[in-house]
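Thanks for coming. I will walk through a few local features, and the sequence and structure are on the screen.

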Amino acid sequence: MSQPTRILLSLIVGLATGIVAAASGGAWVAPAADVAQPIGEAWLAGLKMTIVPLIVALLITGVAATAETARSGRLAARALTLFMTLLVISSALAAVIMPAILALWPLDPVAGGALRRALAGAQPTGPMPGFTEFMKAIIPTNPIAAAANDAILPLIIFTMAMAFAITRLPAERRSLLVDFFQAVADAMLVVINWVLALAPIGVAALAFVVGARAGTAAVGALLHYIVTYSAVGLIIGLLAYPLVLIAGRVPLGRFARAVAPAQAVAISTQSSLASLPAMIKGAEALALPKPVSGVVLPLAVAVFRITAPPMNLAVILYIAHWYGLALSPLQIVAAVAAASVTTFSGVGLPGQVSYVASVAPIGLAIGVPVEALGLLIAVETIPDIFRTLGNVTMDVAVTAVLSRGAAPDGAAG
């Protein structure tokens with residue numbers, strides 16, 4: 001049984017047990033929830049303790065790898081520039097799309113209140129400072145203190161500056177530092193995989209608490225989350241069609257037919273890498289030059305995940321909605337920036353590890369509680385379909401855009 005399946009089953013069992021216990025009205029239910037809650041919180045603490053070192057190490061190695069790729073040729077540099085532009089745009093779009101969806105279909109206040117009471121230990125860290133105070137605090141005078149205090153945004157800025165500085169060092173010293181941080185990242189991945197191995201226990205404990213205290217409202221809230229969160233990924237993926245029509249000058253019907261086999265593989269495997277052969281076939285069907293598709297498609301699969309920043313941001317915006325938090329424009333800007341940058345931290349990681357490494361820093365950056373991720377990670381399987389579907393569709397679209405002006409290789413259209 002796969003890890004995502006085990007985690008999902010533990011969520012279902014925990015919720016069902018908690019709901020049945022609450023319905024029984026027994027005097028033992030509240031003490032049982034009081035025992036289960038610290039078990040779940042200890043597991044969450046295990047996840048959170050890896051975030052800071054993992055983010056620092058992955059950002060540095062990600063920037064170094066991207067810079068190395070950009071040096072390899074003009075096409076790679078153009079592709080990376082387009083990728084980063086689209087990632088920032090998609091993050092900004094999510095900051096509009098998710099609130100709009102939640103305004104049209106808000107979480108039931110009763111369910112939201114029940115969930116807040118169920119996770120009473122998770123509270124917002126307080127409002128963001130004003131613009132002046134924010135600008136003063138965004139550059140850390142002490143990066144170690146920023147890491148210790150979970151001041152993620154200043155830490156990210158320091159880490160990015162350090163990462164770009166490392167890329168300017170002589171090759172020997174650059175390799176030494178990159179290897180060191182890669183080793184740190186590898187060690188953290190071992191730790192986080194240990195923690196995730198205990199996820200069925202931690203998730204079941206948290207789910208029991210939520211079921212016992214929130215009742216059936218918890219089920220409705222999770223379904224609401226899955227639908228609204230997945231909708232963001234679906235909308236972002238659909239943007240590939242106007243992009244390929246306008247910037248790639250490819251007719252929509254032709255593009256849809258060419259990308260459909262890769263989309264089918266994406267839905268069935270939830271893996272962009274497994275979809276790569278079908279994407280290459282789709283590029284051939286569009287008569288895209290092989291020298292372009294042979295570089296751009298593998299590069300896109302490796303570093304370009306168009307749905308990652310918007311869907312990661314959507315999770316945090318949903319949790320903010322869950323807690324009834326009205327985010328300021330400054331918080332939204334900070335969240336968009338954090339979502340765009342932390343894309344580097346999720347590249348090449350397994351689903352659950354990437355979820356934690358990419359989503360949690362956004363919440364920490366703007367003061368939104370991340371404890372709810374312990375439950376939401378359990379239902380990531382369904383939204384992950386829309387993540388992969390959007391990524392695969394956009395990968396072929398950007399290949400078509402970057403192929404404009406290049407000579408076709410003669411493949412059949």
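A word on burial before anything else: buried means under 20% relative accessible area, exposed means over 50%, and partly exposed lies in between, with a 1.4 Å probe and protein chains only. This is a predicted model, so local features need pLDDT of at least 70, side-chain atom pairs count only at pLDDT 80 or more, and totals for chains, interfaces and linings use all residues. Residues are numbered from 1 along each chain as its sequence is written, and side-chain values use heavy atoms, with hydrogens and water left out.

Start with alanine 287. Its relative accessible area is 19%, so alanine 287 counts as buried. Alanine 287 sits in the loop between H14 and helix H15 (290-303). Helices here are DSSP runs of H or I of at least four residues, strands are E runs of at least two, and both are numbered from the N terminus. Alanine 287 is not a glycine, yet its phi is positive, about 60 degrees. Most residues other than glycine have a negative phi.

Glutamine 270 is another such case, with a positive phi of about 55 degrees although it is not a glycine. Glutamine 270 is in the loop between H13 and H14.

The expected span of a helix is 1.5 Å times one less than its number of residues. H13 does have a kink of about 40 degrees at alanine 260, shortly before proline 261. The bend at a residue is the angle between axes fitted to the seven residues ending there and the seven starting there.

Which residues of H13 are buried? They are Phe255, Ala258, Val259, Ala262, Gln263 and Ala266. An α-helix has 3.6 residues a turn, so residues three or four places apart point the same way. The buried residues of H13 pack against helix H12 (240-246), helix H14 (272-285) and helix H21 (381-403), where contact means heavy atoms within 4.5 Å.

Last, H16, residues 308-322. Its 15 residues should span 21 Å, and its end C-alpha atoms are 21 Å apart, which agrees. Because 14 of the 15 residues are buried, H16 is largely enclosed by the rest of the structure. After H16 comes glycine 324, with a positive phi near 70 degrees.
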